[in-house]
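We'll start inside one chain and then move on to the pair.

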Protein chains: 2
Amino acid sequence: MSFVTAVAVRYLPFLAMTVAFHCLTAGGYVYKTEYFTVPVDHFSFTKNDTFRMKYLINDMYWARENGPIFFYAGNEGAIEIFCENTGYMWEIAEDFGAMLVFAEHRYYGVSMPYGSRSYDNRSTLGYLTSEQALADYVDLLTYLRHNGSHANVGGYDGANEDLNGRRTRPSPVIVFGGSYGGMLAAWFRIKYPAVVEGAIASSAPIWQFTGMTPCNAFYRVTSSAYTSTSAECGLTISASWKAIDNITKSNEGKSWLSRKWKLCTPLSDDSDVVNLKFWAQNVYVNLAMVNYPYPANFLAPLPGHPIKELCKPMKNHTEDTLTLLDSVFKGLNVYFNYTGKSECLDVSSTSLTLGEKGWNYQSCTEMVMPLCSNGINDIFENLTWDFQKNSDYCFNTFGVRPVADIVEKTYGGKNLIAASNIIFSNGLLDPWSSGGVLQTISKTVRAVVMAESAHHLDLRASNVLDPESVIKTRKFHKNWIKKWIAHYWKYPVRDPDNSTTSKFLF
Amino acid sequence: MSFVTAVAVRYLPFLAMTVAFHCLTAGGYVYKTEYFTVPVDHFSFTKNDTFRMKYLINDMYWARENGPIFFYAGNEGAIEIFCENTGYMWEIAEDFGAMLVFAEHRYYGVSMPYGSRSYDNRSTLGYLTSEQALADYVDLLTYLRHNGSHANVGGYDGANEDLNGRRTRPSPVIVFGGSYGGMLAAWFRIKYPAVVEGAIASSAPIWQFTGMTPCNAFYRVTSSAYTSTSAECGLTISASWKAIDNITKSNEGKSWLSRKWKLCTPLSDDSDVVNLKFWAQNVYVNLAMVNYPYPANFLAPLPGHPIKELCKPMKNHTEDTLTLLDSVFKGLNVYFNYTGKSECLDVSSTSLTLGEKGWNYQSCTEMVMPLCSNGINDIFENLTWDFQKNSDYCFNTFGVRPVADIVEKTYGGKNLIAASNIIFSNGLLDPWSSGGVLQTISKTVRAVVMAESAHHLDLRASNVLDPESVIKTRKFHKNWIKKWIAHYWKYPVRDPDNSTTSKFLF
């Protein structure tokens, strides 16, 4: 249950959150598992290597003659996680007569370009990029839009035939994604507008990059989720870092804290202490991400409004170190031991899962998201953003160095004025909203801000406890999806309504 | 002076034409030659290899405080050729206070990723793709827009500073290109709209690909340039292929034709005959491309309206083989020996220049343009399009196989409805107009058709003999460039005029 990527680096993995849902909403969705062969390298002709990417598909609701494809742009994890946890797509599929497709991101799950050697070194791992993943999705969708699935014998072969089996136009595609998947969804529409008609990009921090957002915004938003729940709780967390430092100066203190917090491995040196603090910091971030109004299952089961629960024992802020750390443990207990079944607290960061390692690598190449805290505007320790230090870590770990501006150059950064048909939805409770698009850019690139929502709650299945803002946002998505699909069928190639003259002959 | 890429394959190289202009309009343009280091592979992190791309730059007219960058997207040849032959950019630069930049396409000129080994094998040559080239241009422009030129000490360092040296916004960029360069210009705007504000894509056959345009369109347009000049001339060319076949059936006939046509190397076997016919076919195509109204220099000097000149001796169509072939030779003489200085006619195709080899390779990977003729709707021999044969040729020559739909998948094919700010200009005399965008797509993706223009005449320097359509088109370009730049300064990030609400807070 480690979700700390690297103490020295402190990239926050989206994955920590996504893994969390795996056991939660096994919503009983029915799908077929299929595979599609794609090139390892879409952008050179130096080699012929290919691999099989996994995707899940359901055509139960699909209207053969003109149904759209709803496509989930898989992010950093096994695709089943996203399939199970994007109930919104399942809920609206019938209304649209949509085929549902969930594609697994290369280098995650079982979609390994070089099998078990995929993570061996930079020459096998170097094709783990967002652009290569998007190109995989283009290949798969080109196939599905024109030919249907290769594995299905009578169902959806030959996308968009009319009732007499005549081929009409290829199916329109709407792309969905949350978190990194939301970034991919937005970028998909930006880079391949002829393949996808529109994108629902939920909690997509596409501006959490160098020069676009102050590095302290992320922890500021995280903090406000706590301080707005309880000012005292915020003060307690704020003071806890120094308290941990003080108590662990002595071996006795280390022993006391190890016992008190029931650590599986007692603290033995300073790096263990750093590790413990980083673990706690990540708990606060993760809880803020999944601060949902109903009980959910995040590594261990969580109550609804988990921050409120965590803050309950931490509401009486005290300067006394032992009392303070006792209350903090009680709060954290909500997170890691809600059921009371955990025998000890494991904060080790040594055994990264492959998915975590994958995101860690992406953070070391393209996904360079500067994060910092100062302990003044936030409840965390002072932590500066040190690009060089990160770069050195990346070089030592993966043999690569991050490129700070590659995302901006590739996808346009803050200049989205030429983009179209994207909804950016963000919840203000979500730390990642700090890097999201919170203001509408143009007529068809819209921002939706949900005051009471955490991380991409709008993409999850409906729940009676959903806040009004999330319910409204889902309707908003639906309306736009309708418009995009209608536009697709209305204007096959040219847009007469948007053109003053059809032809100039000089 | 060989411009036949491969007898078996018959890809028509744009290069044949571009090389032609080299000596023609050494317009006396002044520029500095610079170099910029870019990665060999922009799309993986498998290696650190870099190379220096060449570019030419002129800031004579540049308005430091808010001047745009006019950027030529270099195509398949040394960049000086395009710099010298895109007089239009030079002519309008002063009005716009524009910096002029001409970037050399990787693997052409001196911009060799692996120096003299660049063409050695598929692992060195495999990075010759349009997407990698565009990514080079993005890197260079990102640098120039934000930091100015590294080599200039007092001129344009720090693009767009105000008069007090304060940095304002980065310079807006307008991209220009003709032929394959025009395709790159359009694709540049499509893929990187945050980097370039608009594109002037002249004679850009972005639809000359599989499934977008009938394969016989190219030769049909070529033919009409001849038949509309003189029906008899068209009949003569049409009959010449069979006449060549007939006469060369015997060794005496081969000798006769070799002497009559003054071949440097006498015809000795059937492949020589095939070669000769292909050479002639290419002459007809090339002449159609540069069928300009004023004298120009195409390998050898050409008169104005060269097709008219070529057709003069071919106007009396006859069935008599010897007379017919004599008249054809006199016509072709206009093309290869206008000055009367050529001692013999060299039709060999064995010594490809590097530039020709580069385009040949690109035709074997991304740039798969199906061409065919049938001798009925055109004046050429019956030639079917055989993808497999081409693919085999490519595999034997370069160890790669073409991907027929890669351009469509990457750049959107005929679906340009989400694109913006592109002018597609085409001349109806130009064979490549067959694959061009001849109808306006939307408000800001406009097609301009010039009845009397050959291959990207509008991008060349003004000439008193320019047809009215070309003069009008240049004005049209200029107006749109003005609009695009004004829009850039008006809307830094969002587009309030194009947005109904600035923010949704649910």
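Inside chain A, 36 residues of domain 1 are in contact with 27 residues of domain 2, where contact means heavy atoms within 4.5 Å. Keep in mind that this is a predicted model, in which local features need pLDDT of at least 70, side-chain atom pairs count only at pLDDT 80 or more, and totals for chains, interfaces and linings use all residues. Residues are numbered from 1 along each chain as its sequence is written, chains are lettered from A and ligands numbered from 1 in the order in which they are written, and side-chain values use heavy atoms, with hydrogens and water left out.

**Two domains in one chain**

Domain 1 of chain A covers 28-209 + 407-492, while domain 2 covers 216-398; these bounds come from an automatic or database domain assignment. Taken over C-alpha atoms, the centres of the two domains in chain A are 32 Å apart.

How much area do domain 1 and domain 2 of chain A bury between them? About 2,700 Å², with 68% of it on carbon and sulfur atoms. Buried area is the accessible area (1.4 Å probe) that two parts lose on being put together, summed over both. A:Tyr119, A:Pro431 and A:Trp432 supply 21% of what domain 1 of chain A buries against domain 2, more than any other three residues.

**Two chains together**

Chain A can be laid on chain B with an RMSD of 0.0 Å by a turn of 180° and a shift of 0.0 Å along the axis. That is the relation of a two-fold axis. The superposition is by least squares on the C-alpha atoms of residues with pLDDT of at least 70 in both copies. A:Lys191 is the residue of chain A that comes closest to the rotation axis, at 2.9 Å (C-alpha).

The contact takes 72 residues from chain A and 73 residues from chain B. Here is how the two meeting places look side by side.

| Parts | Buried area | Share on carbon and sulfur atoms |
|---|---|---|
| Domain 1 and domain 2 of chain A | about 2,700 Å² | 68% |
| Chain A and chain B | about 6,000 Å² | 58% |

What about salt bridges (a side-chain nitrogen of Lys or Arg within 4 Å of a carboxyl oxygen of Asp or Glu)? A:Lys409 forms one with B:Asp139, with the closest N and O atoms 2.7 Å apart.
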